Amino acid sequence: MTDSDKDALKVDQAPSQDIPKPWVIPAPKGVLRRIFGTSQVFQSICEVKPQVTRSTVPLKVREYYSRGQQCLEQADWETAVLFFSRALHLEPQLVDFYALRAEAYLQLCDFSSAAQNLRRAYSLQQDNSKHLERLTFVLYLQGQCLFEQCAFLGALGVFSHAAELQPEKPHFRYRCMACLLALQRHQDCLSLVTEELKQDTTNADIYILRARLYNLLQKPHLCYRDLHHALLLTPRHSQARMLLQKMVAQAQQERQDAGILAVQGRLQHALQRINSAIDNSPLDPSLFLFRGILYRRLQEFDGAVEDFLRTLDMATEDQEDMVQQAQRQLLLTYNDFAVHCYRQGAYQEGVLLLNKALRDEQQEKGLYINRGDCFFQLGNLAFAEADYQQALALSPQDEGANTRMGLLQEKMGFCEQRRRQFQKAEEHFSTAIQHNPQKAQYYLYRAKSRQLLQNIFGARQDVATVLLLNPKQPKLSLLMTNLFPGMSVEEVLSTQVAHLARLQLEQMVEGSLQAGGPQGIVGQNQKAQGERLRPPRRRKRRRRRKKRRRNQSSSLERRSLCLTATLTRPLQPLALTSGPQAPQRMGRQPPARNTRAPQPPP
């Protein structure tokens with residue numbers, strides 16, 4: 001029982017002076033006995049004292065009601081509460097008196113008592129929506145008062161109760177969100193906002209609120225998504241634009257940090273930064289281009305290809321430079337992926353990747369060389385020859401292509417020798433010599449073929465050339481004994497055949513230095529094979545050539561070493577610059593370190 005009820009009881013104990021009590025006529029003595037006789041059923045009925053009828057209660061209630069109304073009009077709220085409490089003590093089922101007392105409590109800022117009276121009124125008369133409206137309004141005032149007093153937990157409970165009473169009104173849930181944010185319960189607030197968006201997807205402010213929560217919880221990609229939805233609903237929303245500009249600026253800063261880390265070689269840290277930048281600005285194609293370059297350097301080729309393709313899809317017509325960079329990086333990725341497959345022995349996969357690269361780029365010699373190497377390892381010598389020839393057509397002076405063509409022709413020559421097709425074997429060895437005239441073993445193999453073909457002069461000339469290039473060549477002594485019986489190395493080198501071999505070798509080296517390697521297909525032979533070269537007409541020219549030969553001897557040795565180093569890299573990664581601005585350094589692929597050069601059969 002409340003204090004007001006107790007006060008009402010105290011007041012009710014004093015008789016009212018204004019309202020007269022009703023008069024009851026007493027029953028005369030002996031009347032009932034004369035009526036009922038000697039029956040004992042109604043023996044004590046005459047002893048019952050007369051009591052006040054219920055007609056007194058409504059009169060008191062009316063009195064308290066009128067006085068309470070007068071107090072409300074006079075703004076005497078406390079006295080109004082007192083009279084309404086007296087009336088309710090007499091008649092607890094009067095719903096309107098609870099509502100009136102709640103109004104008096106509301107004016108006294110006693111929101112808790114006002115809400116309690118309105119709950120009682122609503123429980124007694126649930127079909128009256130006015131009591132529910134008034135109750136939720138009082139709860140809103142109470143919660144807001146607690147919120148301003150920083151009692152956020154209490155305010156949350158009040159607003160939650162109001163939201164349960166009227167779930168169709170979202171402003172109570174909005175106040176719950178504010179309380180959760182003030183309590184720093186961000187995850188609970190995010191759950192409530194998500195539930196709200198399931199019911200209402202047309203409010204841009206709710207999307208922005210969730211975007212801010214995502215940004216606070218370091219989920220920038222979800223933040224950007226909600227901002228995008230908000231701008232679709234309200235394109236000129238200032239808060240959404242400000243937050244979006246903040247995210248773009250943060251993305252640019254993270255991209256700069258990623259570039260610095262990449263230059264320092266900290267690629268994994270750079271990848272983390274660029275991933276965060278993409279989350280903050282997922283519609284910037286340059287960020288995907290940057291990340292693709294990082295993936296390529298980390299040999300995560302699938303991710304690199306996906307990012308470059310996405311860059312090509314997202315780039316606009318005004319970003320032509322970016323499109324070219326993405327295409328170039330995609331080509332390099334296919335090539336590097338093919339190099340990786342080559343090192344793992346997956347030659348067929350390397351061919352497929354290089355086919356994709358050559359589909360968009362037919363002017364890059366390195367792609368043809370690399371695919372030719374894959375075909376070489378697969379035993380498809382004809383395809384390898386075609387690729388090497390295409391590379392030589394694009395760059396006749398390319399040492400790598402000429403060296404590979406020489407190895408290929410050497411292998412093809414051995415294959416023909418096994419089939420005892422010595423004429424074709426000689427042609428292949430002659431082609432190998434055209435592409436690499438400084439390789440002594442090519443002359444040795446051709447000398448064997450010519451000896452079997454009874455071309456003794458040509459065989460002797462090849463043996464003399466071998467002596468000029470590498471006198472310690474293995475298996476040379478047996479062939480020299482057969483072709484130059486009883487002669488020493490010095491005697492062989494002093495013969496006219498050795499002189500012609502020297503002149504021919506000088507001429508071939510000069511031709512390779514000036515015009516590059518030959519560009520013919522398999523089967524093309526030098527027309528001057530086996531023919532005698534006429535001696536120079538003047539002695540002065542001969543001396544000049546001798547001096548040039550001495551000067552070139554050291555250069556021949558250096559070139560031979562260079563070619564030997566080239567052979568240790570069977571698949572040559574493209575030496576292409578790549579990447580925009582900061583990624584340019586990291587776009588260069590170091591030369592492939594591998595393994596063995598293709599060795600001819602013994």
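1. Basis of the values. The model is predicted, and local features need pLDDT of at least 70, side-chain atom pairs count only at pLDDT 80 or more, while totals for chains, interfaces and linings use all residues. Residues are numbered from 1 along each chain as its sequence is written, and side-chain values use heavy atoms, with hydrogens and water left out.

2. In the model, residues 61-94 are 79% helix and 0% strand, with the end C-alpha atoms 10 Å apart, and residues 365-398 are 82% helix and 0% strand, with the end C-alpha atoms 9 Å apart. Helices (H or I, at least four residues) and strands (E, at least two) are DSSP runs, numbered from the N terminus.

3. Asp-398 is found in the loop between α20 (381-394) and α21 (399-418), and at 9% relative accessibility it counts as buried, where buried means under 20% relative accessible area, exposed over 50%, and partly exposed in between (1.4 Å probe, protein chains only). A polar atom of the Asp-398 side chain lies 2.7 Å from the backbone nitrogen of Ala-401. Leaving aside residues up to four places away in sequence, Asp-398 touches Lys-365, Ile-369 and Leu-392, contact being taken as heavy atoms within 4.5 Å. Gly-400, placed in helix α21, is also buried, with a relative accessible area of 7%, and its C-alpha atom is separated by 8.1 Å from that of Ile-369, a residue 31 places away along the chain.

4. Salt bridges. With a salt bridge defined as a side-chain nitrogen of Lys or Arg within 4 Å of a carboxyl oxygen of Asp or Glu, the count comes to 21 salt bridges. One of them joins Glu-103 and Arg-134, whose closest N and O atoms are 2.8 Å apart. Because Glu-103 lies in helix α5 (residues 95-107) and Arg-134 in helix α7 (residues 129-148), this pair ties together parts that are 31 residues apart in sequence. Both partners are partly exposed, Glu-103 with a relative accessible area of 26% and Arg-134 at 30%.

5. Arg-225 forms a salt bridge with Asp-226, the closest N and O atoms being 3.9 Å apart, a value to be read against the 4 Å cut-off. Arg-225 is partly exposed, with a relative accessible area of 36%, whereas Asp-226 is buried, with a relative accessible area of 0%.

6. The side chains of Arg-450 and Glu-426 meet in a salt bridge at 2.9 Å, N to O. This pair links distant parts of the chain, with Arg-450 in helix α23 (residues 440-452) and Glu-426 in helix α22 (residues 422-435), 24 residues apart. Arg-450 and Glu-426 are both buried, and salt bridges that share partners join Glu-426, Arg-446, Arg-450 and Asp-462 into one network.

7. Aromatic pairs. A search of the whole structure finds 12 aromatic pairs, where rings of Phe, Tyr and Trp (its six-membered ring) pair if their centres lie within 6.5 Å, and planes under 30 degrees apart count as stacked, over 60 as edge-to-face and the rest as tilted. The rings of Phe-414 and Phe-429 have their centres 5.7 Å apart and their planes at 75°, so the pair is edge-to-face. Since Phe-414 lies in helix α21 and Phe-429 in helix α22, the pair ties together parts that are 15 residues apart in sequence. Phe-414 is buried at 7% relative accessibility, and Phe-429 is buried at 0%. Phe-414 also forms an edge-to-face pair with Tyr-445, 4.7 Å centre to centre and with 65° between the planes. As Tyr-445 lies in helix α23, this second pair ties helix α21 to a part 31 residues apart in sequence, and Tyr-445 is buried, with a relative accessible area of 15%. Elsewhere, Tyr-65, Phe-84 and Phe-97 form one aromatic cluster.

8. Charges over rings. A charge sits over a ring if NZ of Lys or CZ of Arg is within 6 Å of the ring centre and within 35 degrees of the ring normal. Lys-411 lies over the face of Phe-376, at 4.8 Å from the ring centre, and the charged end of Arg-460 sits over the ring of Phe-484, 5.6 Å from its centre.

Conventions:
Polar contact = N/O pair within 3.5 Å; in protein donor to acceptor, adjacent residues only side chain to side chain.
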